[in-house]
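Student: Hi, could you walk me through this one? I'd like to start with a side chain and then zoom out.

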Amino acid sequence: MTTGATTFSAESFIRPAITRMQAYTPIAPFNVLSEQCGLPPEQIIKLDANENPYGPSPQAAMALAQYPCPHIYPDPEARDLRRALSQYTGLPADYLQVGNGADELISLIVSLFIEPGDVMLNCPPTFGMYAVEADIRAANLVNVPRRPDFSLDVAAIIAAVKRHRPKLLFITAPNNPDGSTPAPAALERLLALPVALVVDEAYAEFCGHSFIDWVVRYPNLMVLRTFSKWAGLAGLRVGYGAFPPDVMAQLWKLKPPYNVNAPAQAAALASLRDADYLLQNVAKIRAARDRFLRDVAHIPWLKSFPSQTNFVLCRVLDRPARRVKDHLAAQGIFVRHYAAANLHNYLRISIGTPPQMKQVLQGLQSHEI
Ligand SMILES: Cc1ncc(COP(=O)(O)O)c(C=O)c1O
């Protein structure tokens, strides 16, 4: 654009790493989905983002409704929340940092370790934000694909570490989108490598297994968690992570002071006080997931994968997955569709309430698909 004597082209000033990037496609909110299918928002069954169908705990909802001082900045050290997380995780509070969702901690970790050209290892198919953050930092992202059953190819990761000398390796446990989790022995082998290892445990509560207490033993291990899934606070953006002391000291410098807003800290704190209630919801979701897995086993054109999370990945065998997704969407049921080369013709279905899952099953059994 030309204004007077000044000619300014934003693209020639913006970092090429960004102009080269593909834009990330975020999922649509209720009102947009509602417009898409012509049904009111309350009739939408939103199973495309692994959200919690039961919502927050009543105590968290009350903490939000009654939050007394939005005019005061939040505690930049989130002291009360980190103390409560220390009790919840069994780790000293000094090891724990909070973030604006686990997403922000992923971003901060990549900023902490990666300069342009540094190597970062990723094991796709997996959560997309690791690659996005790597691209933003102009990292040299090396992919070590998972095996056909989505398990980690540990030998290939070890070979890639020797060959490429990466600084950072992301492992999701359990993995999104398939729901499998690595065996402790596999992780031990990875932790013996000269690389900083991030284990993303966004779905830990559904899996019932965690590596978070290993952080005190391994100086190269970081573990991420979130309140988005088990605690039903996805909209508030509260995540946390466990970091070894040497990493933590540097992370404090990078963390924006007020990254987790005050009502979100209060709601997360209330969720931890009401953890028993929330874990009962987790148990209900796990039961609905196992029921759904048994039910979809009777649909001959769907191959489901065992899951330790609140979602189920299905390969659509003899018809376009997109058609199945569209058929469900027309009835107000939204699921995630994948078409990438390493996930061709797959659907990922988050687990809702039992009545919602009944509707999903009826939708899948329809002769119109
Ligand atoms: C593996 C994984 N990590 C992190 C996140 C993001 O969590 P948050 O909502 O805390 O940013 C997700 C969200 O779907 C996820 O699947």
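Student: Is D103 buried, partly exposed or exposed?

Tutor: D103 counts as partly exposed, at 28% relative accessibility. Buried means under 20% relative accessible area, exposed over 50%, and partly exposed in between (1.4 Å probe, protein chains only). Keep in mind that this is a predicted model, where local features need pLDDT of at least 70, side-chain atom pairs count only at pLDDT 80 or more, and totals for chains, interfaces and linings use all residues. Residues are numbered from 1 along each chain as its sequence is written, and side-chain values use heavy atoms, with hydrogens and water left out.

Student: Got it. Which side chain does D103 meet in a salt bridge?

Tutor: That would be R237, at 3.4 Å, N to O. A salt bridge here is a side-chain nitrogen of Lys or Arg within 4 Å of a carboxyl oxygen of Asp or Glu.

Student: And what does the pair tie together?

Tutor: D103 lies in helix α6 (residues 101-113) and R237 in the loop between β9 (221-226) and β10 (239-242), so the pair ties together parts 134 residues apart in sequence. Helices (H or I, at least four residues) and strands (E, at least two) are DSSP runs, numbered from the N terminus.

Student: Switching topic: how is the protein divided into domains?

Tutor: Domain 1 is 26-54 + 276-365 and domain 2 is 58-273, with bounds from an automatic or database domain assignment.

Student: How many salt bridges cross their interface?

Tutor: The rule finds zero between domain 1 and domain 2, while a search of the whole structure finds 15.
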